[in-house]
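The sequence and the structure are shown first, and the notes follow by topic.

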Amino acid sequence: MLIDTHAHLYLKQFDEDLTEVINRAKAAGVQKVYLPNIDQASIESMLRLEKSHPDFFFPMMGLHPCSVKADYKEELKIVKGWLDRRPFCAVGEIGIDLYWDKTFVKEQQDAFLTQARWAVDLDVPIVIHSRESTDMIIELLRENWIDGLRGIFHCFGGSVEQAKAIIDLGFYLGIGGVLTFKKSGLDKTLKEVSLEHLVLETDSPYLAPTPYRGKRNESAYTRLVAEKLALVKDLSLEEVMQKTTENALKIFVREPENSQ
């Protein structure tokens, strides 16, 4: 059994062949896919996907940092409205992105901490986007710690020191296609990190693993990440699949029944 803890299969990139994408994922051993929200524009398609396969897709609710602009408080009201309306498996995808645009860094920080507090109130995990901002988010969490915070640093690609700091906070590392990239260096980092702290993801349609790098990613490729991780850790594929699945289910242990 495999779990893809992070995939945007509700995006338009999958409009033409979604059924085939789902069938390939199941054939590869993927039994659950967790769907992070982006902003108000993605909610309808995400929830429609959940409704079509309620035992396979599990949506989160949150505001992606790249969607944090001057009107972010209005966007947050929409997120809060949905969190109050029905259960979600996590608050996500939230965080800080310093790669694309640094105009709204303060607003991103405020949006992140606000949504993290909501997650604690709801007793659900957070799923963190930390592109070029891992150290900043670690420091923000330390300075604003709330008992009950837990979750995943999605798309982890950092150093051993960063991995240890994240683990010390009680968070897991989301490992995806970047692990298969020759020059990422992530393989060296993960040799120093116990499997106890890792979960698998794809971030579909982005960051497809080798040999599909540069093409559309999909949840079936979770297996390719698992295979590479088994090689890096000198473990059997079965052991990697079993432990990362256990870890994912621990994080989402209070997985709600889907509301139709």
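Helix H8, residues 222-233, lies across strands S1 and S2 and runs at about 115° to S1. Helix H2, residues 40-52, lies across S2 and S3, at about 145° to S3. These descriptions refer to a predicted model.

**The sheet**

- Three strands, in the order S1-S2-S3, make up an open sheet with parallel pairing.
- Strand S1 (2-4) and strand S3 (57-59) are the edge strands; each has a single partner strand, so one side of each is left without a neighbour in the sheet.
- From one strand to the next, the twist averages 20°.

**Pairing of S1 with S2**

- Strand S2 comprises residues 30-35 and pairs with S1 in the parallel sense over three bridges.
- Within this part of the sheet, Ile3 stands opposite Lys32 in S2.

**Packing of H2 with H3**

- Two packed helices are described by the angle between their axes and the distance between the axes.
- Helix H3 spans residues 72-85; H2 and H3 pack at an angle of about 25°, and their axes are 10 Å apart.
- Because angles under 35 degrees count as roughly parallel, H2 is roughly parallel to H3.
- On the H2 side, the contact is made by Gln40, Ile43 and Leu47, and on the H3 side by Glu75, Ile78 and Trp82.
- Classed by residue type, the contact of H2 with H3 has four nonpolar residues, one polar and one charged.

Technical notes: Residues are numbered from 1 along each chain as its sequence is written. This is a predicted model: local features need pLDDT of at least 70, side-chain atom pairs count only at pLDDT 80 or more; totals for chains, interfaces and linings use all residues. Side-chain values use heavy atoms; hydrogens and water are left out. Two strands pair if DSSP finds at least two bridges between them. Helices (H or I, at least four residues) and strands (E, at least two) are DSSP runs, numbered from the N terminus. Axes are lines fitted to C-alpha atoms, for helices over the stretch in contact, and angles run from 0 to 180 degrees between N-to-C directions. Contact means heavy atoms within 4.5 Å. Angles under 35 degrees count as roughly parallel, over 145 as roughly antiparallel, 65 to 115 as roughly perpendicular and the rest as oblique. Ala, Val, Leu, Ile, Met, Phe, Trp, Tyr, Cys and Pro count as nonpolar, Asp, Glu, Lys and Arg as charged, and the others, Gly among them, as polar.
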